Amino acid sequence: MAVRHTIVGIGSPHELEDALRAAYYLADEELSTAAYLALALGKPLLLEGAPGVGKTEAAKAIAGVLGRTLLRLQCYEGIDATSALYEWNFPRQMLALRQEGAYGGHVDIYRDEFLIERPMLACLRRPQETVLLIDEIDRSDHEFEAFLLEFLSDFQISIPERGPIRAYERPVVILTSNRTRELHEALRRRCVYHWIDYPTPEREMRIIMMRASGVSERAARAVVTAVGRLRREPLAKLPGIAEAVEWAEAATLLNEQGARWPEAFRRSLGVVLKDEDDLVHIAPRIDAILAEAQA
Amino acid sequence: MTDTARPITLFLAFTALLRRAGFAVAPEQTVAWLASIELLGPRSIDDIRRAAHATIGPPPERFAEFDALFDAHFLGAIVPGSEGEPSEEQPPRAAEDSSIGPEPLFGEETRESGAKATTAERLSARRFAPGDEGETLRRFARALPARLPRRRGYRWRSARTGPGTDARRMFRDALRHAGEFISLRHRQRRLRQRRIVVLIDVSGSMKERTQAHLAFAHALVRAADAVEVFTIGTRLTRISRPLRLRSREQALANASLVVADWDGGTRIGDALNAFLAVPRFAALARGAAIVVLSDGLERGDPSVMADAVARFARLAWKIIWLTPLAADPAFEARTAGLVAARPYLDKLADGGSIDSICANVLDMARERAA
């Protein structure tokens, strides 16, 4: 196993945590350890967690820290190799053939210029400049998951017309999943794993203060308390960190325009709960929750 | 070499312990773990623990168990009641599910139609029950994918024959072959699996069977794509999400934590109406195959139940009612609720044993709705 102790000057989980904080991402020790190990061991990093806990943000922050471009591959039901790997540009091949054919010349139609790179191929070809994010892998089919297995273990793909393409260095790959279904054991095994949970109140508070602009500490604390309460309710969609940040911002905005505090929170409830049934469910208790949060 | 040997055996013993406890640990994960420990220093026991979390990656719902094993192994703490959880393959030991209480093993009640079962039969059923159960469900899960109810979807797929030509595919192929159209492609509607909605009666009268029904629901959820499971009793609870876990024991334990009205009264009509009143749930029933596991002993107003079943029948593709009472060949719908609801059901059949439930569900796609 090829182990690198330092990557772009980062030699320990703590250094990575500091670097991530500089990139406006607050990682806890578990996450920074997992991310550091993934980088050091050259394994993909699998992040799982409820929607809105900052999985994709983590990937963006890691790419920022490494100073690499993020290639994002959004998975969906029915995603296949042509949208993930590469495709030949048939119209251009045709044109080139017609043009050369007219002069009786010979043309190699499998040159780079006819190859349309998709994220996975781009990542293999330029591993030092890119971070590949395979987002919401639980949405893809089992076939695609099996196809990923091959890619993630060898970091190699083969194009029939060109032969295998192999990364000269293990690329940084981050996978995220909302856990709407369980991933295959073989895929989990190849990755360094981290489950991102909802943050502790103190950490969420720091995140809001860092991410939201012009939110007072009091408002942030109230939002954290109220969101914490909401997460204990049996809602269809629990509010994530992004929602908490937006709520703090929205309520602050309304407050600046003259709405009083509990009213500002209540009127901006739509940025936290985005489901009619949830709103109906919480309506009778929202005043009590807000009062408790304000205290 | 010799001075490093001891810690390594200590770590390897831990992975062996994990495997015995039913965690899947591959050799490459062990190697990655050892490499990580070296990478991190390790400065403290927490480094070793975090490295284990990251490289071995226990599923989140088993974190507590994982940490308890870790503490027991490395810190010498005492593990609360774990002498190796059985893995999925082993026959499940009931009575471990705390919240269900001292319920009999599942399968125990198989083939006892009413009070006629003799003691001898009862004993033999008891002896064979647990293994039988798991085996039946495994066979069911294997047979299911081919026999799921399906409907025509909205998306097209390319095919050799079909009602229309697949122009897009043909042009794409033509580009590949220097602009020549070589073959005629057709397209067909893609088949999609119909959603299956399972309603499990958890009232007192079904007490003996709920455990087996949950095990069946778990097998169904694991084997098919779109399955929703609800329990009905005095209220309605959605348990599709907890049942999605791979390990049956874990899934059943989680599901039983969610349900609050075990062994209560029966107000099936009200529970069904509650289901239909939530638009999101009612949408689940549209075009779905609905399986009700209940004896239909309604304490509330039978006409409410009949109306609710009628509304279900109009929404759903098919609705089958499996009652344990029908295990008796001389069975007829006699309770007021079931008599009133009978005309709207596509099928009222035996749900007395896991075998018959599985058989009825497998047959669902074959017989067209009457």
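Two residues are in contact if their C-beta atoms, placed from the backbone, lie within 7 Å. Helices (H or I, at least four residues) and strands (E, at least two) are DSSP runs, numbered from the N terminus, and axes are lines fitted to C-alpha atoms, for helices over the stretch in contact, with angles from 0 to 180 degrees between N-to-C directions.

This is a predicted model, where local features need pLDDT of at least 70 and side-chain atom pairs count only at pLDDT 80 or more, while totals for chains, interfaces and linings use all residues. Residues are numbered from 1 along each chain as its sequence is written, and chains are lettered from A and ligands numbered from 1 in the order in which they are written.

The sheet, then. In chain A, five strands make an open, parallel sheet, ordered S2-S5-S8-S1-S9; pairing takes at least two DSSP bridges between two strands. Its edges are S2 (69-74) and S9 (192-196) of chain A. Neighbouring strands are turned by 20° against each other on average, direction ignored. S2(A) is joined to S5 (130-135) of chain A by six bridges, and A:Thr69 stands opposite A:Thr130.

Helix H2 (29-41) of chain A lies across S1 (45-49), S8 (172-177) and S9 of chain A, at about 160° to S9(A).

Now a loop residue. A:Glu161 sits between S6 (156-159) and S7 (163-166) of chain A. Is A:Glu161 buried or exposed? It counts as exposed because it has 11 C-beta neighbours inside 10 Å; the cut-offs are 12 or fewer for exposed, 20 or more for buried, and partly exposed in between. A:Arg111 is 50 residues from A:Glu161 in sequence, yet 9.7 Å away, C-alpha to C-alpha.
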